[in-house]
Every structure is written in C-alpha cells, then in structure tokens.
Amino acid sequence: MTRTVQIEIDDIGSEPVETYDAGRRMPLHDLSLTASGDTSLYPFDTHDIPLEISVYDDARNPVPAGLVLQASLHDWHVTSSMRPDSRDGGILLDIQAHRSVSVMVFAIGLMCVLFLLVVVTVGMVARAVSLKKVGFPTLASLAALLFAVPGIRNSMPNTPPVGTLSDFIVFFWALLITTVCMVVASVSWLRNAEEERPD
Amino acid sequence: MVLVITALVVMTIAYAVMLVAFSSTGDGTRISYTPGTSAGPDRLVIEASVLDVDPIRGAYQVASPTGPRARCGPRTAR
C-alpha cells in the first residue's frame with residue numbers, strides 16, 4: 001500500500017472497518033456475505049447477494065478504487081452488475097447466483113427418470129393384477145423401487161433438505177404412487193394365494 | 001440391420017450433443033468494475049473471487065430464514 005486506507009465491507013463476522021497502513025501488503029480475506037433467495041425452488045432457485053465496499057484514506061476522503069470479480073464455480077452460475085449509485089471509493093454490486101446449467105439438466109433428468117419409472121410401474125402392476133399374475137418377483141421389485149426413490153431424489157446435485165419444489169412435483173407423488181402399487185399388488189398376491197390353496 | 005444402423009446414428013448424435021454441451025459449460029466470469037473517476041493509475045484495485053455459495057448451511061449459520069452465504073475474498077491490491 002502506498003498510503004493508509006480504511007476499507008469498509010458489509011460482510012458478516014469481520015470488523016466493520018479494516019485499516020491497512022502504508023507500506024503493508026494487503027492480506028487475503030475470506031468474507032461471508034448475506035443473500036436473499038428461496039432454496040425451496042431448487043433447482044430453479046436464485047440468490048441475490050449485495051456487496052458494498054467503501055475505501056477511505058485517513059481523513060475519510062474516498063480513495064479511487066476498482067474491483068475485479070471472478071467467479072468460476074461448477075455448480076453455480078454467478079452474474080453481477082454494478083449499481084448506478086456506485087461512486088469514487090464506493091463500489092456497490094448486485095451479485096446474483098443461480099444453479100449452473102449442468103446442475104439443472106441433471107436434476108431435471110433425474111426427475112424425468114423418476115416420473116417414467118413410476119408410470120412404467122403403474123402399468124406393470126395394473127397388468128399383473130388384471131391377469132392375476134402378481135408374483136413374488138413383482139413384490140420384490142416394488143419394494144426395491146420404494147427404497148430406490150429416496151436414493152434417486154438424494155442423488156440430485158447439492159440437493160437441499162426435503163420440501164423443495166422438485167419434491168412436490170415428482171418425489172412425493174412417486175413415493176405415494178409406488179406405495180399404493182405395492183399395497184394393491186400385495187393384496188392381489190394374497191388373494192391369488194388364497195384362491196390357489198388346495199382345500 | 002436397419003435397427004442397428006438407426007441405433008448407431010442415434011448414439012453418435014447423442015455423443016456429439018454431449019461434447020457440444022460440455023464445451024459450452026464455461027461458467028467462469030471475470031468482470032472489472034471501476035466506478036466514478038477511479039480509472040486513474042493511483043487507484044486501489046481489489047481482486048475478489050466468489051469461493052462458494054452455500055444456501056443450506058447459510059440458512060442456520062447466518063440465522064436468517066433465507067440466508068445463503070457467498071464467500072468473497074479480496075485477493076490482492078495494489
């Protein structure tokens with residue numbers, strides 16, 4: 001630093017104003033910023049992150065400053081824009097983060113897989129029940145599917161806890177339909193077994 | 001025979017689509033902001049990188065109902 005400066009950043013946890021003396025190198029800093037966004041809209045959630053940096057000298061005069069912002073996260077696409085009220089020594093940014101295209105495509109792909117899996121299962125169970133051909137393998141595959149559905153849901157990238165939009169669109173519905181299929185197939189299997197019992 | 005050729009064509013097209021999709025996934029951005037008359041040589045340049053966006057942890061660490069965290073670190077200054 002060629003002169004003493006004070007930097008003020010609206011982050012969480014660190015000192016409100018950091019002073020850097022002339023002749024010192026500026027150390028690296030990790031800052032945590034607040035943001036507003038609705039995680040339950042996963043994988044279409046967007047988070048707005050304001051960043052405000054003010055730079056002053058000893059006499060509290062603004063110091064000309066610029067900011068180079070870099071973002072290269074695989075799972076997030078980060079964009080930013082400078083607010084019109086930015087000024088000398090006052091950098092005001094609006095950063096916006098939303099899920100990257102890869103994450104969205106993968107999550108939507110898994111939702112489609114879950115949906116198609118349930119549709120095929122309903123067809124299979126309906127056919128087996130109408131023909132009275134529900135066997136033990138059918139029940140075993142339904143039980144396996146019942147445990148596989150939460151696994152598929154949790155394999156979505158960076159998935160938040162249960163209660164997101166994707167859960168209501170596909171997961172809860174798939175779990176409910178699979179459970180109903182399991183119950184119907186089990187009852188059918190029991191009735192068939194009763195009918196086939198030699199008296 | 002027709003089925004095999006159709007399957008090969010579909011697989012080749014899918015392969016090409018995946019390669020094109022991968023080449024266009026460059027999410028990295030590097031933007032420079034210089035407000036006001038700060039473009040002179042005697043200015044402080046702060047380089048910052050977004051290190052992580054963590055909506056799940058941030059929700060209770062920051063004690064905010066919708067509090068994701070974005071970590072920004074000023075890297076160097078001159």
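User: Where is P43(A) found?

Analyst: P43(A) is found in the loop between strand 4 (36–37) and strand 5 of chain A. Strands are DSSP runs of E with at least two residues, and helices are runs of H or I with at least four, numbered from the N terminus. This is a predicted model, in which local features need pLDDT of at least 70, side-chain atom pairs count only at pLDDT 80 or more, and totals for chains, interfaces and linings use all residues. Residues are numbered from 1 along each chain as its sequence is written, while chains are lettered from A and ligands numbered from 1 in the order in which they are written.

User: What kind of peptide bond joins Y42(A) and P43(A)?

Analyst: A cis bond, with omega at about 5 degrees. Most peptide bonds are trans, and most residues other than glycine have a negative phi.

User: Which value of phi does R60(A) have, and what makes R60(A) exposed?

Analyst: R60(A) is not a glycine, yet its phi is positive, about 65 degrees. R60(A) sits in the loop between strand 5 and strand 6 of chain A. A residue is exposed if 12 or fewer other C-beta atoms, placed from the backbone, lie within 10 Å of its own, buried if 20 or more do, and partly exposed in between. R60(A) has 8, so it is exposed.

User: What makes N158(A) partly exposed?

Analyst: N158(A) has 16 other C-beta atoms within 10 Å, and is therefore partly exposed. N158(A) lies in the loop between helix 2 and helix 3 of chain A, and its phi is positive too, near 50 degrees.

User: Why is helix 1 of chain A called roughly antiparallel to helix 2 of chain A?

Analyst: Helix 1 (residues 101–130) and helix 2 (residues 136–154) of chain A pack at an angle of about 165 degrees, with their axes 12 Å apart. Axes are lines fitted to C-alpha atoms, for helices over the stretch in contact, and angles run from 0 to 180 degrees between N-to-C directions. Angles over 145 degrees count as roughly antiparallel, so helix 1 of chain A is roughly antiparallel to helix 2 of chain A.

User: Which residues of helix 1 of chain A meet helix 2 of chain A?

Analyst: L110(A), V113(A), L114(A), L117(A), T121(A) and A128(A) meet residues of helix 2 of chain A including L142(A), L145(A) and V149(A). Contact here requires C-beta atoms, placed from the backbone, to lie within 7 Å.

User: Why does helix 1 of chain B lie largely in the open?

Analyst: Helix 1 of chain B covers residues 2–23. Of its 22 residues, the number buried is zero, so this helix lies largely in the open. By contrast, buried residues of helix 1 of chain A include V103(A), A107(A) and M111(A).

User: What makes a set of residues a nonpolar core, and which touch the most other members of the largest one?

Analyst: Its members are buried Ala, Val, Leu, Ile, Met, Phe, Trp, Tyr and Cys residues joined through C-beta atoms within 7 Å. The largest has 27 residues, of which I53(A), L67(A), I91(A) and L93(A) touch the most other members. Elements giving two or more residues to this core include strand 8 (90–99) of chain A and strand 2 (44–54) of chain B. Apart from it lies another core of 18 residues, among them V103(A) and V125(A).

Terms used. The expected span of a helix is 1.5 Å times one less than its number of residues. Angles under 35 degrees count as roughly parallel, over 145 as roughly antiparallel, 65 to 115 as roughly perpendicular and the rest as oblique. Two residues are in contact if their C-beta atoms, placed from the backbone, lie within 7 Å.
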